[in-house]
Amino acid sequence: MATYQEFIQQNEDRDGVRCSWNLWPSSRLEATRLVVPVSCLYTPLKERPDLPPVQYEPVLCSRANCKAVLNPLCQVDFRAKIWACNFCFQRNSFPPSYAGISEVNQPAELMPQFSTIEYIVQRGPPTPLIFLYVVDTCLEEEDLQALKESLQMSLSLLPPNALVGLITFGRIIQVHELSCEGIAKSFVFRGTKELTPKQIQEMLGLMKPATSGQQGKPLAPHDAAASCRFLQPVEAVDMNLTDLLGELQRDPWPVPQGKRPLRSTGIALSIAIGLLEGTFPNTGARVMLFTGGPPTQGPGMVVGDELKTPIRSWHDIQKDNARHLKKATKYYEALANRAAVNGHSVDIYACALDQTGLLEIKCLSNLTGGHIVMGDSFNTSLFKQTFQRVFSKDYNGEFRMAFGGTLEVKTSRELKVSGAIGPCVSLNTKGPCVSDNEMGVGGTCQWKICSLTPATTLALYFEVVNQHNAPVPQGGRGAIQFVTQYQHSNTQRRIRVTTIARNWADAQSQIQHIESSFDQEASAVLMARLGVFKAESEEGPDVLRWLDRQLIRLFMFHLRRSPFLQVFNNSPDESSYYRHHFVRQDLTQSLIMIQPILYSYSFYGPPEPVLLDSSSILPDRILLMDTFFQLVIYHGETIAQWRKAGYQEMAEYENFKQLLQAPLDDAQEILQTRFPMPRYIDTEHGGSQARFLLSKVNPSQTHNNLYAWGQESGAPILTDDVSLQVFMDHLKKLAVSSSA
Amino acid sequence: MENEHVYLQVRDELRMNVNQQPHMATPYGQPQPGYQGYPQPGYGGDHVPSGYPAQYAPYNGPGSAYQQGPPQGTRGPPTSGAPPVSGAQNYSQFGQGENQNGPPPMGAPPQRPPVSQPYTPGAVNLPGPQHPYGQRFGAPPVSMQHMTNQMASMQVGSTAPSPAGPGYAPPSVSQAAVSAPYTTSAPPTFTPPTTATSQPPPTEALAQAPPHSYYGALPPVQQPFQNAVPTFSSAGPTQPQAPPPVSPQSFPQAPPISQPPFSTAQVHPGPTQSYRGPLPSTQSSFPRPPHPTSQPSAFPAGPPPTSIPSQLPGVMQPQPPVSQPSPYHSGPPTTSTGFPPQVGAPPRPSFPGMQGPPMASQGPPMASQGPPMASQGPPMAQANHILPTQPGMPPGPINASLSGPPPQPGMQGYPPQQNGAFGQVRGPQPGYTGPYPGQPNYGAPPAAPASAPAAPKRLDPDSIPSPIQVIEDDKANKGSEPFTTGVRGQAPPLVTTKFQVKDQGNASPRYIRCTAYNMPCNSDMAKQSQVPLAAVIKPLAPLPPDETPPYLVDHGESGPIRCNRCKAYMCPYMQFIEGGRRFQCGFCNCVTEVPPNYFQHLDHTGKRVDCYDRPELSMGSYDFMTTVDYCKNNKFPQPPAFIFLIDVSYNAVKNGTVGIVCQELKTLLDYLPRENPDVESNIRVGFVTYNKVLHFYNVKASLAQPQMMVVSDVADMFVPLLDGFLVSVSESRVVIESLLDQIPEMFADTRETETVFGPVIQAGLEALKAADCAGKLFVFHSSLPIAEAPGKLKNREDKKLVGTDKEKTLFQPQVSFYNTLAKECVAQGCCVDLFLFPNQYVDVATLGVVPTSTGGSIYKYTYFQAPSDQERFLNDLRRDVQKQVGFDAVMRVRTSTGIRATDFFGAFYMSNTTDVELAGLDCDKTVTVEFRHDDKLSEETGALMQCAVLYTSCSGQRRLRIHNMAVNCCSQLADLYRNCETDTIINFFAKYAYRSVLSSPTKNVRDSLVNQCAQILACYRKNCASPSSAGQLILPECMKLLPVYLNCVLKSDVLQPGADVSLDDRAYLRQLVSTMDVAESHVFFYPHLLPLQKLDVESMALPMAVRDSEERLSRGGVYLLENGLNIFLWVGVSAQQELLQNIFGTPAFSQIDPNMTSLPALDNPFSKRLREIIESVRAQRSRYMKLMVVKQEDKLELIFKHFLVEDKSNSGGASYVDFLCHMHKEIRQLLS
């Protein structure tokens, strides 16, 4: 067998799974002692160009509470045409269609290389994708113009048969009817009055109020006549909608001096969700919210319209001074749950210099798998390109998005699932493999992921339930099966099944093996997610203390300093934003987020990764830092002077020009693929934007330490933060003194 | 004026009525059959010309007959008079009169249609006068019912003899006494009565029955005729003999008919016939001729007198008249000569007669007044004093004779007047006669003279005060020279008179009309008289082009100068003192410093030198510029906005209103009101359509297409947009036109039938709030708002409640939502105009709450059909949009210390007791203000009032319109009664009553109206008229039309609905009347009826109007009737072909399309002139009147007849004559 490194890589490539441990301790006690739980990162829709989906239904275990999918780990009796479930050991006969099965004629799902396999199944009529734009009109003219252009552009990116709808809001909310000729028609709602879904549907004429019997039941989705007024195929209303967007006015209500515009985000979202709920329940749909400021009126308001009252800060929150916070959060959570139940996801594109209330609204995206994009203005490439990238296509020319996913986890008897962390909500499905011990979103073996991209990654945590002293479980391997049902962007229903197995190891006898099977990267991310999850749901300082306790033995210096856990210098919105992305990106990206990558470019050799340390900041280097959210190109002092002097324009300094170009090219490469688009910063020594770099590097040299102060190497950072060195020193002391 | 009183011999009338009524009935119902028969016989010859004409002739005849009647009437009076002791006195006085009357009777017989002519030669004159009386009596028939009792008694004596006798029999007993007096006058006649007395008992019963029948219903009419006829025939011959039987018969029949009148009629057979003669009955009268024969014999015996007596009590009187007649002849020979012709035209003569009596009775008062009156007096006097009292009365006509014969002192005073009056009267009469085709007929009738004599006894409608006469007299007297307002307490010309006003310190009557121009000094007097003290104020009334609009006064930054205490504005009543340094308020007497910049020296009379340079010191009406202090929130107002809210539910789309409105608005928007015609209007416009949800439209100029915004949250209405909703027409014209083009298309296929209403107004209100301006909503609505929303209504139409104590709930809004909403609207200055297009019940009472509380108007187009109603709707809409209007108005009326404005009527809201708040005040809106004493007034200073209206003009300026009015104060009731204006009083009464139905059962409201009116008249009778027989009805000259107009109010659809009047219509009319000015209310209650066959194509003048009674209609004529809401063109069955050809382009009656709504534009002078007239009539009214062509005997005629307000109405409303008698009874009760 190859090294663990290779094994891990191989598994990740094939199944999209990275486990914290690749050998599992065989008893609960031992597992607990390992600190890092048995857990894994799973990317359900990991792109597998080499994996053609099969066109038939999966074969399920016949035991009612198991229903595991036939997989390569099952024992098969080809003669008896019987297979044994590797989870519950139920013996099942093959369905008639498998009559021709034999050792040489095995269905794909039995082949080891198909531990991950995708089925295309028939489930009702295909339903087109739905995109519902919810657009804030309380924007500056310039912003609105840019947004309108982006939206118009997006129409050309949508699948032609996709249904599209438009809701605009400001002081009031307009639901635009798209089918009418001539006069543009819209239904209007006031932004201060909370309406029940039923009322909304009635007011939109989506159901006949007088119909008895079907009272309260939304019309069936196929009743297009009712719904089509607001949701129309792009191909049919392309022109219409383009014009409509073109004529979109800024919110016409005057904003008095000293006031914020009245923005009814809460009701707008409620109407959007109510509309979809009434027309297309359980169908893939994206509500895309574009907002340029915080909700200022009605339910879900985050801040009042008085400018003299600033929007809540972490300080306010800690002092319990954010009067709208709890109410708003509760409101949006309720909305998010409604959306999630119906499989609709909500994207948030918030572009403003100040906070926009992401803290309160984020749950809409977090729970429904929607995107959150935060920018300064809609008139920036960050937003424009990110938005474009939402509609990017894969190698098959299909959108990199999937809808209405459900992830089900099945485990061997020795394991139970404790929970998941990621853009999902619990479906509250109890089962034999559900652990009482919750980590993340637990208490269920099924989660709903309303919207998925190939990068969407969930962290799943397990508990070993085998009792100490019990023999190593039968077969020596523990297995986990992930069953993901979703609506592909081409409207097909698909099921992806991933079945993995790891060997059990007796911690006492095989502790070295277990140690060597440790996946440091995966563990870091998994633990970080746990930390973030706790940070989201608990008070700040407690989380850090917990983390310190848990991770004292891990090198998590950067994580501790990261914006995911440290709120200093970040607004609540920013924290929400960072955390949002952290809990859904795959391992590589997550690592970048935890510990930014720093490349150094110089005349002395090819670009090289360097320590994220202030000592790396040298005058004759160009640094490229990728923090996932930011891409910083930093020109050292000398380089900056040279550039300023214009040497790169001179033919004899062609090499200098190339040097300058190299980081740009690399950055471009990153920008091409990253979602959301990172903030791109080109700065130099002494530049104001250099702070982005300086805040990230390890402050090994500061104004008050002895190391190299005033020396040539590196740049001192003016901070009171502890440096890695100090952190390590402290850590060592703790490690020694602690009795743990 | 001159003659303060109008005397009516009610009793006679009653009798007369009896007779007439039957006739009346016949005319309407069977007329033809019966008539034909009759006509042929008697009239036949006369009328012969055309079958129908014959009928008409009868009508005319009736007229003549009535004239003859007068004498009878006179007789009647005596009877009535007789009962009361006073009557006797009268008689004594009248002795002469009686004599005079006596002659009339003589004449009377002849007078009857035919007679008159014959008489002319001989005693023609006499007949003339007599006839008039007869007619008067004829009219009374209606009253007959009521009167019967009285009459009975009265008549008994005299009447007894005649058929009436029986009926009256019971009364006879009492009458007996009466008769005594009469006997003196005409013993012979009485004898018959005695006979009658014997018969009486049965008659009485009969008599009573009749009355009931009257009340009952008209239907019987036809029967009556038949019956009547026969009865007549029977009765006619020998009244005494036949009477009993006849009467019985007649009664039975009569009762059904309506009228007991018949019963009475029977009694009077002879007279009746004559009466009938005039009307359809005329024919009957003709039949009589045969009877006459019998009678004749009687007559011959007692010649005139005898005959009269024989006829009835009336007869008795007649006799006196007879004697009178002679006087007349002798006295006013000339007149007599004049009369002859008049005889032909009974009406006038009657008047004279009427007057005459009054004169006599009133003698003293008259005398006093007489002088002044003299000039005008004659006519007035006549009209006023209707001498129920008979003998005397009859003489009246004879005034001339009176002067001579009566010789009484008092009389002398009068005589001149009377004489004059007569002369004048006669003049007018001729005119009347003219109008009535009858005259010619009369010519023919003469043949029947014999019968005529018998007939005379009826009460002649021509003998009771005629609105037309009064109107014409006023025109003649006051229409020629400008009315200057400088003289305090001067009553202006009537609203029907065209006149020019010169503002010399008091507000023009176009702005303010008062019920009394001489107010009682103290509340005791006011209470005693019961004359309402009220002013009808139309603050923004439009002026004719030849009058100067109010000047705009600017007192600079400090704002208008006002009294420190009562805050009255500077006006001519402010007295400058101390060399001009201070001024004393005319209202509260407080002394205020004159601001330095306003100081001016005084001249030797104490007037400011610049008095005539400053409108506020010399004019009655002017505008003030105001300062920001007068603005809401201390902020100058924004220009107002108009918002059009259009119902686009299924009904509205289907009946075409959506298309029509949208189409019209495209052009109409160019005519928004503006102050300077050269500048664009500042008014912004907005559009909303709705069914059960609302659609707002963004019509911002920068849009290529309008945008529609649907608000379905009707439970919590809000305005979805601000910028782009209210726009300037010129800037957004393209978008607006595009919108108006598309609205009808968009909703062409709508299936939505439910509508909301409350949220619609809320929407408009919210829009105005959002825009921070005042404005007006134009709501075009079609159906009951049953959709789930605030202000949702249910159908509560329940006709069973009509007539019960719960009837008032039908006028009340069914939910309080709209009251609250209205309050909010007023606070914002949001005026609501509602255009309704209902196909069924829409609950106008509730929907109208907001419009009527915000100074808005309601227009209702029931069963709207585009082809026929479009014109009317569009014209209303155009006018409504274009008319001058002020917004966010507050009106306050300040008065002299001593009186106080206590009650207000109109379309407005009041949040306290003094400020009338009008969200919108347009040029048609009127507020009626009632005043009460809270202290004494002085005769010196009179009573001052100042009406100040603060409003925002259509250009957004905040202004004050000031109207000042001063009236005299009196300590004598007589002065009060001399300076009243009946039209205004009626306006007040109507509004008062129409409001009262909200809180009281309708019947109580009617009763209290009658009661108040009776008190007014009784007070006059008691305090201002000379003592006279209680049987004499004496009316103040100024109020002589009060009964007829009041009757019109009482029988209006609101107070006495017919079966076919919907609850919505009643609520609609109720609300409509509340904002009417005097001119509108006048024509509304007493429609204007023009005989087109009399139209002189060459002249600009209109033919003289005809009284609103079917008997005035000629079958050969075409009439135009308008009441401010509708125009009817009534075409007689036998209208001349040439006339039809000229009007309709077809000579055939049958080919006239009754559905036409406009007359064909034919190229002949008549057609042109007629259409001109229609147009000019329409132009005078605030609402466009749809033309309806009514063919005689067509189904539609029922509707038309509804507007013939002097007749009995289907709904049980009394005829003029009946009501007059009833009123008389009430008065007598009060007096006794």
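**Entry 1**

I began with one pair: in β5 of chain A, Ile82(A) is the bridge partner of Asp77(A). Helices and strands here are DSSP runs numbered from the N terminus, with at least four residues (H or I) for a helix and at least two (E) for a strand. I noted that this is a predicted model, where local features need pLDDT of at least 70 and side-chain atom pairs count only at pLDDT 80 or more, while totals for chains, interfaces and linings use all residues. Residues are numbered from 1 along each chain as its sequence is written, chains are lettered from A and ligands numbered from 1 in the order in which they are written, and side-chain values use heavy atoms, leaving out hydrogens and water.

Next I looked at the partners around that bridge. β4(A) and β5 (residues 82-84) pair in the antiparallel sense over three bridges; two strands pair if DSSP finds at least two bridges between them. They belong to an open sheet of three strands, ordered β4-β5-β6 in chain A. Its edge strands are β4 (75-77) and β6 (91-93), each pairing on one side only.

I checked pLDDT, the predictor's confidence in each residue from 0 to 100. Chain A has a mean of 85, and 92% of its residues reach 70 or more. Over residues 209-225 of chain A, pLDDT stays under 50, and the model has 18 contacts there beyond four places in sequence; contact means heavy atoms within 4.5 Å.

I then found an open sheet of five strands in chain A, in the order β24-β23-β25-β26-β27, with mixed pairing. At its edges are β24 (605-609) and β27 (679-684). Inside it, β23 (residues 597-602) and β25 (residues 622-626) are antiparallel over five bridges, and Tyr601(A) stands opposite Ile622(A) in β25(A). Helix α18 (residues 637-645) lies across β25, β26 (630-635) and β27, at about 80° to β26(A).

**Entry 1: two helices**

How do α10(A) and α16(A) pack? Helix α10 (residues 358-368) and helix α16 (residues 572-582) of chain A are at an angle of about 20°, with axes 9 Å apart. Axes are lines fitted to C-alpha atoms, for helices over the stretch in contact, and angles run from 0 to 180 degrees between N-to-C directions. Among the residues that meet are Leu358(A) and Lys362(A) in α10(A), and Tyr577(A) and His580(A) in α16(A).
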